[in-house]
Structure formats: structure tokens, C-alpha cells
Amino acid sequence: MTTGIVTAILEDSVVIDNGVFQLTLSNPGGIIRGIKYNGIDNLLELHNKDLNGGFWDLNWSEPGSTKTRGKFDTIEGTNMRVIVENEEQVELAFTRTWDPSVQGEQAPLSIDRRFVMLRGSPGFYSYAIFEHLEDFPGFNLNTTRIAFMLSKDKFHYMAIADDRQRYMPLPDDRLPGRGQQLAYPEAVLLVDPMEPEFKGEVDDKYQYSCENKDNQVHGWICFDPPVGFWQIAPSNEFRNGGPFKQDLTSHVNPTTLAIFVTSHYAGEDLILKFQPGEIWKKVFGPVFIYLNSVSDADDALSLWTDAKEQMKKEVESWPYSFVASDDFPNSNQRGAVRGKMLVHDRCISKDAIPAEAAYVGLAPPGDDGSWQRESKGYQFWTTADENGYFAINAIRAGDYNLYAWVPGFIGDYKHGIVLTITPGCDIDVGEITYEPPRNGPTLWEIGIPDRTAAEFYVPDPNPMYINKLYVNHPDRFRQYGLWERYNDLYPDKDLVYTVGVSDYRKDWFYAQVTRRIGDNSYKSTTWQIKFNITTVNEGGTYTLRLALASAHNSELQVRVNDSDADPPLFSTGVIGADNAIARHGIHGIYWLFNVDVAGAQLVQGENTIYLTQARSSSPFQGIMYDYLRLEGPSPINSYN
């Protein structure tokens, strides 16, 4: 029989115990100092030099800053309140209200962090309400998250997916003498690790990043005794950047993160920038910290399977009914949207076809694709079935645009009508049709329009910089230093791709990066696409579609049949700050450019398009292509 919950409020701490585990928080700070479970006095580490226990934190900057990092703030409350206390549930609030006396020292936010324990539950929930009031000054919110520093002696095995789990190096292995920093501080070559099995490997927390849509459960396993510690996110509604935004999960320390806001894999566009007096409120979470155990250490890896099953239960329970804050609406206070999505590319089919597997979502009103740069509001996404039908449930009240993109087709869809969600509403938008950009028939194409560069050639890593997890792994792009392999593969001349002869899976490098020409010296690269045209329509206009999966401090210039043309036919200008190349991502922010090519610029026979990435001050500057296509000037109703 499960006992009730016992809460002890002491002068400097609060201890909550439901008979399954015990949670200790500082009072009134709300820093998690202890998690006692299954014979382990504390699952958390308290002896690190800097960061210990479990805590909410944020990173902020003064208004006008264009940097993505600023002042680090471990959020400590100034007041503790018991919100709910009975045999079934305890909910505690740790609050901090900003006032002018702390201007320049704390982010101007009112922050209410909550911790919830339920009777008999092997874990606890945490969420926070951030609020910017009309008398608060402006500022930039760069990052906010919950971080857990786990016991270094206990947790050595990390799992973030079925095929992304392994024994991890120790934190001391990253220190000078045992580890050698590589091109940036996060990447360390293990030269003398405490466990010899890790010698020669690279450790980098960005190798374990994950898209929001897949970042539902991750954590660590202890083998003696066999115990699991897991962060479960049952919803993405409160995360920034939409379902494809990538972010950190768990990594060496051992650390487990619940990320809510960052600019990772996106750049400055994802920073929340507040004007003086701007009124804003957002609930981050709840997320669930799940603890599990087995009796036999030989079965310890089954804790991952159990954590996945618990994640499904949490997803099915969303939105939670037990949350005490009025700022978190329950299921009866939310609405739904449904419909059927079609896609009509007149050069492919006469009639519209079901948009199978389309990603359909609601996000704050904006431009086509603006959801991937959205941070202040909430987002709700689903995928369409094989017939194009979709249903989005549990939507918070408010005004939204309906957005979508369809795998296999370029561009973004935005429904023309702003949808107002009210409690209990069920809006049927009927059939909606996306008509992707198209001026004429395809003359040639390179890649697959899926918003990643995964289909292109990803090289083997330098044998000196291996992460063993990603050897013969589908995510081979997560190996360190792949950008340097371009010089090895193209030592004298840049990439040349011949349509009809080359194979993009083998002959199109996954990223157009700079060329190293010396120590800390680089130059731009120019790729060529060679293709034949039998008959040129000199009076017509051809269209080059350039869909980019990533750009970092890059300028893409396009020239046709004249490599020295000045100015180029087209330039993107300097774009992007997603840093996906350095951080082992296969995509960042999506871009689509449409370039008109006059028929008079083409010739009968062989033609060449020159693609120059013109910025060259860093090895990480570059572009990942998603898809390239040249369209003829024929009427668009000339479907096959």
C-alpha cells in the first residue's frame, strides 16, 4: 500500500518524500540538492567546482546585443510557497520578482518555478512561469533550461535513442593532460583517459544533439545499483524554434538537460528580444524527471526500454490535469484543428495529391516559414496521414497561423486565415492545398527536398578524431572534423558535378565549406554544376531553385557560364548563424532562393553554373544544400 506524501519545511531546505523517493530543495532558492532513491543517498553531484545539483538557469543580455551568450544566471528564488499539499500531491512554488535594485545583475523577469510530486510516483514534475511586465526594462533572453548534474561515481552509461547510447568518458578525461582541446572548447580529444577504452576518441556534447520532435526522453543508467535517471518531455509546445530545432540532451559530466530556449543550430533569430514595457508570459514545461530501477544489474539496460514506455504514458496524459497554476490550461480549456492537406505541383501531376507525411502546425502569426524563428509563443505540430488528413489537439487559446511543409517538395505553406483558438473549439479547415514554387518542368535536380543534407556524401572522419558510437551509424555526420575532409578529398580543385554522370550520394560533399590554405587561413570555394541543354529558349526565363539546409556566416553567389562575372547573377548576401557544421548537425535553418536565369545566358550544349561561398574567415563558414533544381521556361501545366 502506497503511503501519502510527507513534506518537511526547514529553515534552509524543503524535503518531500512519497515513499518511493525523496526530493530535497534549498529554501527559498529552489535549487535541487538531493534525490534519494533505491538505496542511493543522492543521485546528484554536489562536489563539482562550478555547477552542482539540479537547477533552472538562464542566459541573458542587455538590449541591443547581437551575441547569443551573455550573463549566466542560476535562478534562485526569494520566496517559497506551498501551493498544494495533501495525500495525493504536493506542489511547491519558488518565486523571484525583479525590481530596479537588481538591474544589470538579474534578467528583468518575474519567475515562478514549480515542483510537483504525486503519490506513489517514481519521479517529479517541474515547470516555470516567466513573465515580463509593463514596468520592466528591455533585455534579451538567450537561453533557459533545467540542468541536472548527476553523480560522477554512479552514472556512466548514457541513452538518448535506441541507436544512440553508450558508456561515456569521465569528466576528468576532458581536463588538460588527459584531454586535448580541439577547434573549440566543447570538442576534446581524449589522449590519456582514466579508462583506456576511450583513448583516441573525441568527446563533444553537440554530438548528442537531437531535434525537438525526437527529444522526448534521454538520460543515464547506473549499474550498481541498477537505477535510471530520465528527463521526459511530453510536449514540444513550450520549446522554441519548432519541431526540427536541434538542441542538447545529455552529455559528459554526467549532465542531463531539459532545454526550453536556445539559439543552437539557428543563431540570433531565436533569441527572445523584449522591448521596455513589453507584456509577455510563457509557461515552460512541465517536464517529468523519471526514476526507475531493476533488481539485477544484468538487466540494467532494460531501464531505457522502461523509460520509453513511461514517456508514452506521459504523452498520453498531456496536458496534465494536476498542474495547479491557472497559467497552464487543462484539456477542457484547449482547442483542436483538423483538416486534409493536399499538394499540387502542376509539373508532376494534373490533380492535387494527398500530402502524405506533411508536417502541419500552429504557431504565432507570421510569414511563410516564420515558425522556425519563433520563440516567444507556443507551437503545436503533427504529421498528416497517407491520405493527407491531420488533427492537432490540446492547443492553447490564442491566435495562430497554420503552417506546413511537405517532404519531397520545396518551400513553406501558410494558411491565409488566422485561426482563433477558444476553449473547447474544434475547427475543421477542410481541404487545403499547397502549391510549391514551380515555373516550368525540371531539367535537372540534385538531392532530395527534405530540409537536410543527409542524402549527400558524408565522408569518413579522420581516424584521429573518432567517436566510436557513430562508426557505421546512420548519423555518421555527427563525427568531429568532417569539414576538414573537404581539403583531403579536393586538394587542388573544387567540386565539379556533372548532371547525368555524377551521383549526388557520392559526388556532392555534404557542406560547401572554406578551403584551408595555411594556419588559420582560409579561402572561398566555388562549386560547378555542368549540364547539357539540347535546345535553348533564348527568349524564355529559366529558374534555379536553391534550397539550403544550413548557412553559417555565408554568402552564396551564383554565376552562369562566366566564373568571373562581376557582379554575380545572384547573391544571397551574408546569411545564417546556425553553426551546424561545427556542431555536427546535418541541417540548421531552412532557406529557399529562386534565381531567374535568362535564356540568353545559356547555350546549346554544355553549360556551367558556378556556386561560390564567398566568405572565408573560418573553417565553419559554409552552406549545406538541401536540394537544387533547374526549371525550364515551359508552361507550368505541362505535367508528365
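How far apart do the end C-alpha atoms of residues 357–428 lie, and what percentages of the span are helix and strand? The end C-alpha atoms of that span lie 19 Å apart, and the span is 0% helix and 44% strand, where helices (H or I, at least four residues) and strands (E, at least two) are DSSP runs numbered from the N terminus. This is a predicted model, in which local features need pLDDT of at least 70 and side-chain atom pairs count only at pLDDT 80 or more, whereas totals for chains, interfaces and linings use all residues. Residues are numbered from 1 along each chain as its sequence is written, and side-chain values use heavy atoms, with hydrogens and water left out.

**Overall fold**

- The secondary structure of the protein comes to three helices and 44 strands, and its C-alpha atoms fill a box of roughly 85 × 60 × 50 Å along the principal axes.
- The radius of gyration of the protein, taken over C-alpha atoms, is 26 Å, which agrees with the value near 26 Å for a compact globule of 640 residues, the globule rule being 2.2 Å times the number of residues to the power 0.38.
- Of the 640 residues, 59% count as buried, that is, under 20% relative accessible area with a 1.4 Å probe and protein chains only.

**Annotated domain**

- UniProt, in an unreviewed entry, places the feature "domain: Rhamnogalacturonan lyase" at residues 357–428 and 442–630, and such annotations may be inferred rather than shown by experiment.
- The end C-alpha atoms of residues 442–630 lie 6 Å apart, and this span is 5% helix and 43% strand.

**Helix 1**

- The 15 residues of helix 1 (residues 302–316) should span 21 Å at 1.5 Å a residue, and the end C-alpha atoms are 22 Å apart, which agrees; the expected span is 1.5 Å times one less than the number of residues.
- The buried residues of helix 1 are Leu303, Trp304, Ala307, Gln310, Met311 and Glu314.
- Seen down the axis of helix 1, these buried residues fall within an arc of 115 degrees, so they line one face of the helix, the arc being that of the directions from the helix axis to the C-beta atoms.
- Those residues pack against several strands, including strand 10 (123–132) and strand 24 (280–293).

**Aspartate 73**

- Aspartate 73 lies in strand 6 (residues 71–74) and counts as buried because its relative accessibility is 7%.
- Its side chain is joined to that of arginine 96 by a polar contact of 2.8 Å, meaning here a pair of N or O atoms within 3.5 Å, one able to donate a hydrogen and the other to accept it.

Terms used
Buried < 20%, exposed > 50% of the residue type's maximum accessible area, 1.4 Å probe, protein only. Contact = heavy atoms within 4.5 Å.
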